[in-house]
Amino acid sequence: MERTEPDEPGGPDRAVRGGAVRGGGMPGGGPDGGAGDPGRPKGGVAASTALPAFAYTEADEEKRRGVRRMKATATGLLLGVALVFVLATWAKNAGLGGWAGYVAAAAEAGMVGALADWFAVTALFRHPLGIPIPHTAIIPNKKDQLGASLGSFVGENFLSSDVVRVRLRAVGIGSRLGAWLAQPAHADRVTAELSTALRGALTVLRDSDVQAVVGEAITRRAEAVEIAPGIGKTLQKVVADGAHHRAVDLICTRAHDWLVFHSDSVMDAVEGGAPGWTPRFVDKKIGERVYKELLRFVTEMRDMPGHPARGAIDRFLGDFAADLQSDTDTRARVERMKSELLARSEVQDVIASVWASVRAMIISAAEDDRSELRLRARASLLSLGSRLATDSRLQAKVDGWVEDAAVYVVTTYRGEITSLISDTVASWDAEHTSRKIEAHIGRDLQFIRINGTVVGALAGLIIYTVAHALGA
């Protein structure tokens, strides 16, 4: 549906179809009097990189209807004072009374004020009556400069480090955050959000990539650190504390039990190793003897804490612990064994599978409301909130961190932030920009026309009265 609206007294009508502008208020159809494409971005912004123009919404159209009503009111008032001027002038010339001069003077000044303010308001958005008078159609012609000025104004007055620090310090983020986190409901909410974010991050990560990184990190770390001295110190402490005695007891017990249940195997092994020329009964006797002696030895080791063999084991482990720490050959052999062990595919597979296990454990804990992970996270948040709410030193630290971060952002990226404003304004079509701005502030500007009519009339009346009084 096409609608037309009066633009200004005697000016051309503007056609609007669905809120989009058709035509222009200047010769040639362009906002600057040229024949340029109204859809092409201005201000040096390339079409391929131009920002999308803002939409002319139904709310904007509703505002424009209000502007048209106020235009009609202001124009009607102008026509009204013009009619009063005509009638008062006729009455004055007809000699109907001295009052007619006062009314005519007031009406004349009201017309002057109304026309002057109409010209000023119209010159903001278009050329009055379509005449390209200098310094008119300010918004369409100076749109890019206005955008650059707005960006500079924002950068100087809103993105300065002093302004940011003062404003953030007045907010008191640390104390507010502490009071907010100290409430259990809020701690539950933050815990749930963190769990969701954690699950999302773990879902996005590719297992193969993480496994490769984890495997490489563990392998590189293990190869970079010599393990023999650390093992030697640990073994030395174990021997000094007698912690290895339980392991010796277990070995002796298991060895005794194995010998009891596998006596035939032991004797067969001894007999099988005998020379072929010895008689069988001799081999059998020797096997039984060896088995009995072996069983006796293991039984004595199991039952006698002070057995000489146990002392020999203690001395062997002590010497081995010392060699691991100081003997070059022993340490080199341990390092070679470590490298060979890490190079085995089975070990690499185990290292790579660590990530899968950790990932599954974390996801399971994040999904469970009563898991230890979430309970500890909730407790930590509550504790942090309580401390932030009461500890002024911690509040000052948090406020300082936030201020430093904000200042870094605004000082480092001030140019990008302000260029977003100037580039966005530059990408707008001049005619669309003018109409959108007029839709938002045009109604108030029409009050200027009305006020100009009223104030002009009052000023004209006062001037005429003073002049008449002085002349009398």
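This is a predicted model: local features need pLDDT of at least 70, side-chain atom pairs count only at pLDDT 80 or more; totals for chains, interfaces and linings use all residues.
Residues are numbered from 1 along each chain as its sequence is written, and side-chain values use heavy atoms, with hydrogens and water left out.

View 1. Residues 72-91 are 100% helix and 0% strand, and their end C-alpha atoms lie 28 Å apart. Residues 450-470 are likewise 100% helix and 0% strand, with 30 Å between the end C-alpha atoms. Helices (H or I, at least four residues) and strands (E, at least two) are DSSP runs, numbered from the N terminus.

**View 2. A nonpolar surface patch made by V84, W90, L96, W99 and V103.** The patch covers about 520 Å², and α1 (58-93) and α2 (99-125) each supply at least two of its residues. Look for V84 in helix α1; V84 is partly exposed, at 38% relative accessible area. Like charges are joined within 9 Å, and nonpolar side chains (Val, Leu, Ile, Met, Phe, Trp, Tyr) within 5 Å. Areas come from the Shrake-Rupley method with a 1.4 Å probe, and for residues only the protein chains shown count as cover.

**View 3. The largest pocket, with about 230 Å³ of space.** Its lining includes L124, K143, W428 and I441. Two or more lining residues come from each of α3 (138-141), α4 (143-157) and α19 (430-471), and α4 gives the most, with four. On a 1 Å grid over the protein atoms alone, a pocket is an open set of points with protein on both sides within 12 Å along at least five of seven lines; lining residues have an atom within 4 Å of a point. Points are joined across faces, edges and corners, and the volume is the space filled by probe spheres set on them.

**View 4. H135 and A137 in the loop between α2 and α3.** H135 has a positive phi near 65°, and A137 has one near 50°. H135 is exposed, at 76% relative accessibility, whereas A137 is buried, at 0%. Buried means under 20% relative accessible area, exposed over 50%, and partly exposed in between (1.4 Å probe, protein chains only).

Methods. Patches are made of residues with over 30% relative accessible area and no salt bridge: like charges are joined within 9 Å, nonpolar side chains (Val, Leu, Ile, Met, Phe, Trp, Tyr) within 5 Å. A salt bridge is a side-chain nitrogen of Lys or Arg within 4 Å of a carboxyl oxygen of Asp or Glu. On a 1 Å grid over the protein atoms alone, a cavity is a set of points where a 1.4 Å probe fits but cannot get out, and a pocket is an open set with protein on both sides within 12 Å along at least five of seven lines; lining residues have an atom within 4 Å of a point.
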